[in-house]
Amino acid sequence: MLYTILIYGLAIGIPTLITYYIQKNRPNMLKEQKNLFIATLCIIITPVFILGFRYNVGTDYFSYQYICQLMQAKGIFALLDSTFNFEFGFKVIVIISNLIFNEVGISFFLLTAFIIYSLPIFAILKTSYIKNKYIIVFIFLILMLGPSTNAIRQMISVSICLFGFCFLCNGKILNFVFVILFALLFHTSSLILFIVIGVL
């Protein structure tokens, strides 16, 4: 129990402190696109590493590992196989992760953790009117760390949608619609965001 608290504390605390440091001491880093990518990588490396190399953490851990094994055997043809009743984007991620490493599962968990954390963190850093970015990063990590070990497909979809809110806040509704449509490739629950557009 203490070990779990320590690991989760590191996964939340280190990125929050890095965000605080960048915002207070290197504010120019958030103004250029290239530096924004570097800042995002520095912030997400801890949770991605912890979640990418976890073992038997999350109720769906072995289910996802089994899916990776089955799809690895089918190769690229798994995209067309109707026995894999998943969204197209999720199948693509599994196939790509199987190509990265031969070790089934590790590359999948690394890749999905990278997607889940990089897009929202990048959006937080990019959004200029968020004054205390480290607080938003802290809240985001607290809310996402648990679910991202279980509902991976949904969390990929959520992270893509959170990234899309950058466009919505800037009045680029069409771009936001395209982001939602892209998120639908990973989980159909993204459809609910069309209600947000309807309200606006």
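Modeller: Helices (H or I, at least four residues) and strands (E, at least two) are DSSP runs, numbered from the N terminus. This is a predicted model, where local features need pLDDT of at least 70, side-chain atom pairs count only at pLDDT 80 or more, and totals for chains, interfaces and linings use all residues. Residues are numbered from 1 along each chain as its sequence is written, and side-chain values use heavy atoms, with hydrogens and water left out.

Biologist: OK, which helix is threonine 40 in?

Modeller: Threonine 40 sits in helix α2, residues 33-52.

Biologist: Buried or exposed?

Modeller: Buried, at a relative accessible area of 4%. Buried means under 20%, exposed over 50%, partly exposed in between, using a 1.4 Å probe and protein chains only.

Biologist: And what is threonine 40 in contact with?

Modeller: Skipping neighbours within four places in sequence, threonine 40 touches Ser118, Ile121, Phe122 and Leu125. Contact means heavy atoms within 4.5 Å.

Biologist: Switching topic: how many disulfides are there?

Modeller: The count is 0, where a disulfide is a pair of cysteine sulfur atoms within 2.5 Å.

Biologist: How accessible are cysteine 42 and cysteine 68?

Modeller: Cysteine 42 is partly exposed at 33% relative accessible area, while cysteine 68 is buried at 1%.

Biologist: Last one: where is leucine 143, and is it buried or exposed?

Modeller: Leucine 143 is in helix α6, residues 133-145, and is exposed at 58% relative accessible area.
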